[in-house]
Amino acid sequence: MAVLSISRRTVARSVRVLGVASASAALALGVAGNALACDISEFSAEAKCDGDKGVIAVTDVDPSGVPATVTVYLQNNGADLKKVGEQVVEGSREGVTITFAENWKPNAEYRVHVTAKGYVDADIKPNLTTPSTACKKEKEKEEPPAPSDTPTPSDSASTPAEESGTPAPEASQSESTTPADTASNAPSPAAGESNLAETGANSNTGVIAGIAAALVVVGGGAVFFGMRRRGANSDR
């Protein structure tokens, strides 16, 4: 009976030990399974260039492929300035990458938040800081061309016809000749006015000349008659 009693006690202890070991193993596997399912350490973010455009790339290397929502925020002095975008990603052991189009500026800061219900609800640490060089450099201002001695088209256009060697167009007959109607409509000067213009005398010159001629005739006649009378008196 004693031997049988010892055997039962041994079996009971063995069962208890096996139960505790099984429970411990199950608990450990469960914790490990949850740890491998999805973790914030399996996510990474990077600011890159796609040609001359900026993008923010987030990579998920979760082998279990648990769907996770990734949200990107632009930071300013430790606060969210704007929400860049939100996407859902299902990771893999090789890694799955999603991109957010963002024309980021050099040395800008972004907060990347990951949410997987029941697994993770945290930010990728540290925050993402963009490179110090932008994807597309600003176009340098063009320097004005140095002045040259070669005349510009505007200078050649302003050069007189004699200097350029091209004869100036002759004025048409209608432009160079005074219209006949203009001359015929102008009043013609009087005869006296034309004589005055030629001799330089005024309009009384003809009258004075006539009076002088009359006086000469009268004087000559008086002299003639006086001499004739004197001769008649001498004959007596």
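## Strand pairing around β2

Two strands are taken as paired if DSSP finds at least two bridges between them, and strands themselves are DSSP runs of E with at least two residues, numbered from the N terminus. The model described here is predicted, with local features needing pLDDT of at least 70, side-chain atom pairs counting only at pLDDT 80 or more, and totals for chains, interfaces and linings using all residues. Residues are numbered from 1 along each chain as its sequence is written, and side-chain values use heavy atoms, with hydrogens and water left out.

Strand β1 (residues 43-50) runs antiparallel to β2, to which eight bridges join it. Within this pairing, S44 faces T59 of β2 as its opposite residue. The β1-β2 hairpin has two residues between its strands, and G51 adopts a positive phi near 75° there. Strand β2 is also joined to β5 (residues 96-101) by six bridges, again in an antiparallel arrangement. In that pairing V58 stands opposite I98 of β5.

## Burial of β2

Strand β2 spans residues 53-60, and six of its eight residues are buried. Buried denotes under 20% relative accessible area, exposed over 50%, and partly exposed the range in between, computed with a 1.4 Å probe on protein chains only.

## Salt bridges

A salt bridge requires a side-chain nitrogen of Lys or Arg within 4 Å of a carboxyl oxygen of Asp or Glu.

Because K82 belongs to strand β4 (residues 79-90) and E102 to the loop between β5 and β6 (109-116), the pair ties together parts that are 20 residues apart in sequence. K82 is partly exposed at 40% relative accessible area, whereas E102 is buried at 9%. The side chains of K83 and E86 form another salt bridge, with an N to O distance of 3.4 Å. K83 has a relative accessible area of 48% and is partly exposed; E86, at 47%, is also partly exposed.

## The network at R111

Which residues are linked with R111 in a network of salt bridges? The network contains D80 and D123 together with R111. For D123 and R111, the closest N and O atoms lie 3.0 Å apart. D123 lies in strand β7 (residues 120-123) and R111 in strand β6, so this pair connects parts 12 residues apart in sequence. D123 is buried, with a relative accessible area of 18%, and R111 is buried at 17%.

Methods. Helix = DSSP H or I, 4+ residues; strand = E, 2+ residues; numbered from the N terminus.
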